[in-house]
Amino acid sequence: MPESTNVLDAMTAMRPARRGNKSQGMFLGILLVFFFVILLVALSSGVTVYRNVANTQANSVDAKLGLSLISNLVRSTDAADAVASADGPEGKALVLVERIDSGTYETRIYLYHGSIVQEYALANAAYTPEKATELLASSVFEFSYENGVLSITTDQGTSHVALRSEQGSA
């Protein structure tokens, strides 16, 4: 019987070890759940930060796009006496004059109800801002011409356009 006693003693000795393994397994499970929760919080925070950065970047690009569009309109009509200034519905209007065989046309860029708008019309025709195309939202639209450079200022910043003709009259 000494052998059976040894087997019983060995089995009894193993039981507390199993209980220790059970508590260790429970601790490891809780630790694993804790790390999983931390990972989910970090992932959620990362997604939120990325979304905010992407929105900020998109808004910045949109703002620059509107100001660049105005600058490119000026560049596309750059010719002698093609850039002028006139009185628009809410202040000064930048007028880009095109002279073609069928007549003289104007692209008018001006501030109207919190937006900078573009209107294409026959020269000397009345302003019709309700038919104009909105270029960008802005409460400011100012421009000046000095030493061959047209400076255009909006809420989004200032753009400088060097006129090749250097004969604008803005």
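A nonpolar patch on the surface of this predicted model is made up of F36, L39, L40, L43 and V47, which together have about 490 Å² of accessible area. Patches are built from residues with over 30% relative accessible area and no salt bridge, with like charges joined within 9 Å and nonpolar side chains (Val, Leu, Ile, Met, Phe, Trp, Tyr) within 5 Å. Accessible areas come from the Shrake-Rupley method with a 1.4 Å probe, and for residues only the protein chains shown count as cover. L43 counts as exposed because its relative accessibility is 54%, where exposed means over 50%, buried under 20% and partly exposed in between (1.4 Å probe, protein chains only). Helices (H or I, at least four residues) and strands (E, at least two) are DSSP runs numbered from the N terminus.

The model is predicted, so local features need pLDDT of at least 70 and side-chain atom pairs count only at pLDDT 80 or more, while totals for chains, interfaces and linings use all residues. Residues are numbered from 1 along each chain as its sequence is written, and side-chain values use heavy atoms, with hydrogens and water left out.

Helix α1 also holds S71. With a relative accessible area of 2%, S71 is buried. Apart from its neighbours within four places in sequence, S71 is in contact (heavy atoms within 4.5 Å) with S159 and V161.

Strands β1 (residues 83-88) and β2 (residues 91-100) run antiparallel and are joined by six bridges; two strands count as paired if DSSP finds at least two bridges between them. The two strands form a hairpin with two residues between them. Within the pair, A86 stands opposite A93 in β2.

The whole structure contains two salt bridges, each defined as a side-chain nitrogen of Lys or Arg within 4 Å of a carboxyl oxygen of Asp or Glu.

| Salt bridge | N to O distance |
|---|---|
| E106 and R108 | 2.9 Å |
| E119 and R108 | 3.4 Å |

E119 lies in strand β4 (residues 115-122) and R108 in strand β3 (residues 103-112), so this pair ties together parts that are eleven residues apart in sequence. E106, R108 and E119 are linked in a network of salt bridges. R108 is buried at 0% relative accessibility, and E106 is buried with a relative accessible area of 12%. E119 is buried too.

An open sheet is formed by three strands in the order β6-β7-β8, with antiparallel pairing. β6 (141-146) and β8 (157-162) stand at the edges with a single partner strand each, so one side of each has no neighbour in the sheet. On average, neighbouring strands of this sheet are turned by 15° against each other, direction ignored; the axes are lines fitted to C-alpha atoms, for helices over the stretch in contact, and angles run from 0 to 180 degrees between N-to-C directions. β6 is joined to strand β7 (residues 149-154) by six bridges, and T153 in β7 is the bridge partner of E142.

V140 sits in the loop between β5 (133-137) and β6. At 27% relative accessibility, V140 is partly exposed. Leaving aside its neighbours within four places in sequence, V140 is in contact with L111, I116, T153, T154 and D155. The C-alpha atoms of V140 and G157 are separated by 9.7 Å, the two residues being 17 residues apart along the chain.
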